[in-house]
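Here is a short briefing on a protein model.

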Amino acid sequence: MRVFKIILIKELKSMIRDPKILIAMFIVPFIIVGVMYGIVVFSTRQMVEEAVRGRGVIAIVDEDQGYWSKNLTEYIKSLGFKILRLNNTTVLLEVLNNRSILSAIVIPSDFTENITRNNTAYVEIYTYIHSPSMSHLISRSKAIGVIMSYSQNLSETIIKIHGLNPKYISHPVNTTMTVILKDKMIHVNDLGALIGGFTMINIAFPLIAFILASFLVQLTATSIAVEKEEKMFETILSLPINRLEFIAAKIVAAVIIGFIGIAFYGALFAWYFGSVASISSSSPASSSSFNVFGILFDIYGSSGLGAFFIASIGLILFVLGIAIILALFVEDVRSAQMITSYIVMPFMFVLVLSMFLDITSYPQSTRYIISLIPFVNISFMSTFIFTGDQIAIHISALSSILYAILIMYIASKLIGTEKVFTLKLFRRKKIRT
Amino acid sequence: MDLLVVNDLVKIYPGNVEALRGISFKVEPGEVYGLIGPNGAGKTTTLRIIATILEPTHGEVYVDGYSVVDQPDEVRRRISYLPEEAGAYKYLTGLEFLEFIAKIYTDDPRLRSEMIRDALAISGLGERIKDKIRTYSKGMLRRLLVAKTLMVKPKLALLDEPTAGLDVLNAQRIRYIIKEYAKKHGIAVLLSSHNMLEVEYLCDRIGILYRGKLIVEGSPKKLIEEYKVVNLEELFTKLIGEQYESF
């Protein structure tokens with residue numbers, strides 16, 4: 001345990017100081033997300049603020065001069081727009097050529113009469129597009145937004161005048177929905193949120209396991225390959241340390257750094273998506289979403305989620321075992337990173353495949369075979385849990401752990417022999433005698 | 001009692017490459033023994049087997065009475081190995097690297113401090129010991145590695161080409177350190193070298209390896225007299241020069 005601690009501390013020091021790890025795991029994602037934030041969030045926020053802000057000049061040609069046309073003009077003014085009154089449309093083109101004039105609204109002579117007689121009234125909007133830029137286009141669409149807003153207000157006023165309920169008029173027929181999940185009847189307001197919840201459990205959870213496994217595999221393989229690249233491997237093998245303890249310390253260091261990386265990524269993306277969502281939606285995440293997750297956790301059950309957790313641990317250890325074995329036989333960090341991508345890629349492929357395959361209709365025997373295949377079983381485990389296929393769940397969890405133990409045993413046997421030093425992948429060096 | 005016993009050692013690599021063909025020699029405590037020979041003679045393989053990195057195909061190797069095959073952990077506690085192409089963790093400082101090695105050998109803080117103090121004296125790196133290893137020159141790195149090998153005061157130090165690739169001044173300094181430190185602390189040293197001057201200066205006894213066989217063994221002085229040559233270089237040329245050219 002003493003040597004384990006010494007190696008662990010050394011590993012953490014080396015990893016934290018290694019610019020390759022620092023750049024790949026923290027600085028590059030931070031810069032990318034920062035730039036994404038700068039471009040998407042900041043500019044979107046600017047545009048949204050610009051769209052609602054009543055700033056700019058709107059030209060009005062009031063051919064009606066009636067009560068409702070004056071009411072509309074006052075409404076536009078109340079939003080903060082400056083009004084440029086024109087007597088007729090002959091100068092329209094010349095006026096709109098001025099970039100500071102957002103649009104021109106022509107109110108026809110029958111505007112007030114139509115509203116008074118409960119007929120649809122029309123206004124004509126003219127705008128000049130000087131530039132294809134998003135901010136310019138948004139500024140040119142302000143007049144339509146203003147008219148839509150006025151129309152909505154007017155509609156509610158008219159409904160009230162007639163003594164009707166505005167909510168009833170806008171949605172005379174509505175729905176409530178009951179979903180039957182595993183013999184449970186559940187009332188949901190938002191089917192979209194429920195679908196989102198299932199997607200989360202079917203895709204996001206395996207995806208998190210995948211990202212974590214990728215991190216750990218990369219870090220472990222790299223930290224072992226570094227011993228060879230820095231020409232310390234021969235020295236390490238001759239030191240009075242247990243080789244398994246040495247590898248275990250490297251794995252634990254990778255796990256610590258990997259979890260820090262995952263937490264960093266998680267926080268970064270939560271902040272990023274939170275920022276985007278807060279711009280596009282005025283309301284925070286609805287409580288119904290949380291209710292949906294509560295329902296889903298209830299349906300999947302703690303035993304199902306526990307089995308999924310055990311299988312995930314098994315999978316990560318299995319992948320780590322393969323990474324260790326392969327990393328022991330490469331000569332440098334670049335080769336180690338290349339072979340780890342070979343491990344990660346099939347997992348990614350299976351993960352994508354599982355999104356499109358519905359295995360619930362497959363014969364029982366096929367499902368058992370699927371539950372025995374590493375990588376594949378973890379991708380379909382949520383389906384096994386959902387359908388209550390206890391045998392497939394247990395096969396998946398147990399096989400994942402067994403594969404992990406087997407691969408770790410092979411790794412430990414290899415580490416104890418001279419093969420750890422003599423066997424080379426990709427490039428066989430001439431043996432020095 | 002001999003500290004190192006190598007008896008009928010054979011090493012055959014995959015592909016039936018015979019690296020060692022039954023070599024035997026012994027090293028006494030405090031003795032400096034040099035293995036010399038041309039490239040491919042089997043020097044590094046011998047050192048790697050004694051360092052428990054490679055396994056012998058046949059034969060026996062004992063360090064302080066412990067078998068490298070059956071009791072490798074005991075052997076590793078008694079040796080300290082400097083490979084020819086050794087490096088160090090470049091993101092650690094020289095001091096952190098020495099502390100890392102010292103901690104592996106002992107958990108006694110007093111002994112560790114003593115080791116570090118010795119290593120600082122051996123390496124002669126001064127204040128540069130606090131700098132990251134990646135900033136070191138080749139000579140500084142080699143001095144650091146010699147220091148880490150000797151500071152633990154092993155019963156047997158295995159040095160593979162300890163001065164390879166170094167300039168004259170650095171090589172001279174390292175030779176002096178090895179000789180003095182081994183004498184002072186009674187450390188047995190088994191080293192390999194191509195440099196005959198180095199071997200003559202450092203070694204109490206030498207063994208000349210050729211094509212996996214130990215063809216001659218003895219003290220440099222005795223061998224020079226016996227073969228009526230001026231120095232070890234001439235002895236080396238006389239013994240294997242002609243065979244080597246036709247090889």
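**Rings and chain contacts**

A:Y75 and A:Y150 are both buried. This is a predicted model.

**Aromatic pairs**

- A:Y75 and A:Y150 form an aromatic pair. Their ring centres are 5.4 Å apart.
- A:Y75 sits in helix α3 (residues 67-78) of chain A, while A:Y150 sits in helix α7 (residues 142-161) of chain A, so the pair ties together parts that are 75 residues apart in sequence.
- B:Y89 and B:F97 also pair, with ring centres 6.2 Å apart. Their planes stand at 70°, so this pair is edge-to-face; the cut-off for that label is over 60 degrees.
- B:Y89 is buried, and B:F97 is buried too.
- Ring pairs join B:Y89 and B:F97 with B:F100 in a cluster.
- Over all chains, the whole structure holds 6 aromatic pairs.

**Chain B as a whole**

- Chain B has 247 residues, and 55% of them count as buried.
- The chain contains 9 helices and 10 strands.
- Take the contacts in chain B with a separation of 6 or more. Of these, 68% are between residues 24 or more positions apart.

**Where chain A meets chain B**

- How many residues of each chain are in contact with the other? Chain A gives 30 residues and chain B gives 42.
- About 3500 Å² is buried between the two chains. Carbon and sulfur atoms give 57% of that area.
- The interface of chain A and chain B has 5 salt bridges. One of the salt bridges links B:R48 with A:E234. Their closest N and O atoms are 2.7 Å apart.
- Between chain A and chain B, 14 residue pairs are in polar contact, counting pairs with both residues at pLDDT 80 or more.

**The side of chain A that touches chain B**

- Which elements of chain A give two or more residues to this side? They are α1 (2-17), α10 (233-238) and α17 (419-422).
- α1(A) gives the most, with 7 residues.
- By type, the residues on this side of chain A are 11 nonpolar, 7 polar and 12 charged.

Terms used:
Residues numbered from 1 in each chain as written. Chains lettered and ligands numbered in written order. Predicted model: local features only at pLDDT ≥ 70, side-chain atom pairs only at ≥ 80, totals over all residues. Heavy atoms only, no water. Contact = heavy atoms within 4.5 Å. Buried area = accessible area lost by both parts, 1.4 Å probe. Salt bridge = Lys/Arg side-chain N within 4 Å of Asp/Glu carboxyl O. Polar contact = N/O pair within 3.5 Å; in protein donor to acceptor, adjacent residues only side chain to side chain. Helix = DSSP H or I, 4+ residues; strand = E, 2+ residues; numbered from the N terminus. Nonpolar A, V, L, I, M, F, W, Y, C, P; charged D, E, K, R; others polar. Phe/Tyr/Trp six-rings, centres within 6.5 Å; stacked < 30°, edge-to-face > 60°. Buried < 20%, exposed > 50% of the residue type's maximum accessible area, 1.4 Å probe, protein only.
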